[in-house]
Amino acid sequence: MAHLWARTESGDWEAVKVEGDVFALVSGPQPVAQPDTDGAALCRRSTPGGRETWVLLSRPSVDLRLNGVPLQTGIRVLEDRDAIQLSDGSPTYFSSERLAEVELFPGSPEPVYCPRCKTEIEAGTPAVRCPGCDSWHHQSETFGCWLYAERCALCDRPTALDAGFRWSPEDL
């Protein structure tokens, strides 16, 4: 799930979860869940091939910079850690980083096997999709595969459900 890093009134960075398939950036860029056509820029979610992609759209008359460069074409596919800045505000950072969370496995046309225990994950059972490598792991009372070790079975992502984001603009 995408989010934006925006400064709070106190000057701290806060991750703002993006809800829905569209949001607007207005002065002092905070996401607006139900945008109107007067927004300075609009972001739309698309899921080609099942991968979440966000497209930034802006009118030519809007002074908008992406990673410090004017958005001259009025359209750009956003990438993780892109800096979006309107002329009258501080930058907001787009992030595609997800947090690990237990959810019901949605199922798949092909069998999906847990990389830790090597057994099939059944649709509708509690599981965690690794934010690092997208592999699914069991996480139920019967199979506690995600929390079994400190790291994902296939990558170096920590398995703590409260691990938080690995990157924030404070790292810049």
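**Strands, cores and a pocket**

S135 counts as buried because its relative accessibility is 11%, where buried means under 20% relative accessible area, exposed means over 50%, and partly exposed lies in between, with a 1.4 Å probe and protein chains only. This is a predicted model, in which local features need pLDDT of at least 70 and side-chain atom pairs count only at pLDDT 80 or more, while totals for chains, interfaces and linings use all residues. Residues are numbered from 1 along each chain as its sequence is written, and side-chain values use heavy atoms, with hydrogens and water left out.

S135 sits in the loop between β13 (126–129) and β14 (136–138). Strands (E, at least two residues) and helices (H or I, at least four) are DSSP runs, numbered from the N terminus. Leaving aside residues up to four places away in sequence, S135 is in contact with P115, V128, R129, C130, C152 and L154, contact being heavy atoms within 4.5 Å. The loop between β13 and β14 also holds D134. D134 counts as partly exposed because its relative accessible area is 29%. The phi of D134 is near 65°, a positive value in a residue other than glycine. Most residues other than glycine have a negative phi. K118 likewise has a positive phi, near 70°, and is found in the loop between β12 and β13. With a relative accessible area of 59%, K118 is exposed.

The chain as a whole has 14 strands and zero helices. Its C-alpha atoms fill a box of roughly 55 × 35 × 25 Å along the principal axes. Of its 172 residues, 35% count as buried. Among contacts between residues at least 6 apart in sequence, 33% join residues at least 24 apart.

What are the nonpolar cores made of? The largest nonpolar core has 18 residues, and those with the most contacts inside it are W54, L56, L64 and L78. A nonpolar core is a set of buried Ala, Val, Leu, Ile, Met, Phe, Trp, Tyr and Cys residues joined through side-chain atoms within 4.5 Å. Two or more residues of this core come from each of β3 (22–25), β5 (41–46), β6 (53–58), β7 (64–66) and β10 (83–86). A second, separate core has seven residues, among them V112, C114, I121 and A127. L78, for its part, touches C43, W54, L56, L66, I84 and F94, not counting residues up to four places away in sequence.

L25 belongs to strand β3. L25 is buried, with a relative accessibility of 0%. The C-alpha atom of L25 is 5.9 Å from that of A40, and the two residues are 15 apart along the chain. S87 lies in the loop between β10 and β11 (92–95), and S87 is exposed because its relative accessible area is 56%.

The largest pocket contains about 900 Å³ of space. On a 1 Å grid over the protein atoms alone, a pocket is an open set of points where a 1.4 Å probe fits, with protein on both sides within 12 Å along at least five of seven lines, and lining residues have an atom within 4 Å of a point. Grid points are joined across faces, edges and corners, and the volume is the space filled by probe spheres set on the points. Of the 28 residues that line the largest pocket, M1, E52, S96, R98 and R129 are the closest to its centre. β2 (13–17) and β12 (102–104) each give at least two residues to the lining, and β2 gives the most, with three. By class, the lining has 11 nonpolar, 11 charged and six polar residues. Here Ala, Val, Leu, Ile, Met, Phe, Trp, Tyr, Cys and Pro count as nonpolar, Asp, Glu, Lys and Arg as charged, and the others, Gly among them, as polar.

How many disulfides does the structure hold? There are zero, a disulfide being a pair of cysteine sulfur atoms within 2.5 Å. The cysteine sulfur closest to that of C117 is in C145, at 3.7 Å, which is too far for a bond. C117 is partly exposed because its relative accessibility is 27%, whereas C145 is buried, with a relative accessible area of 6%.
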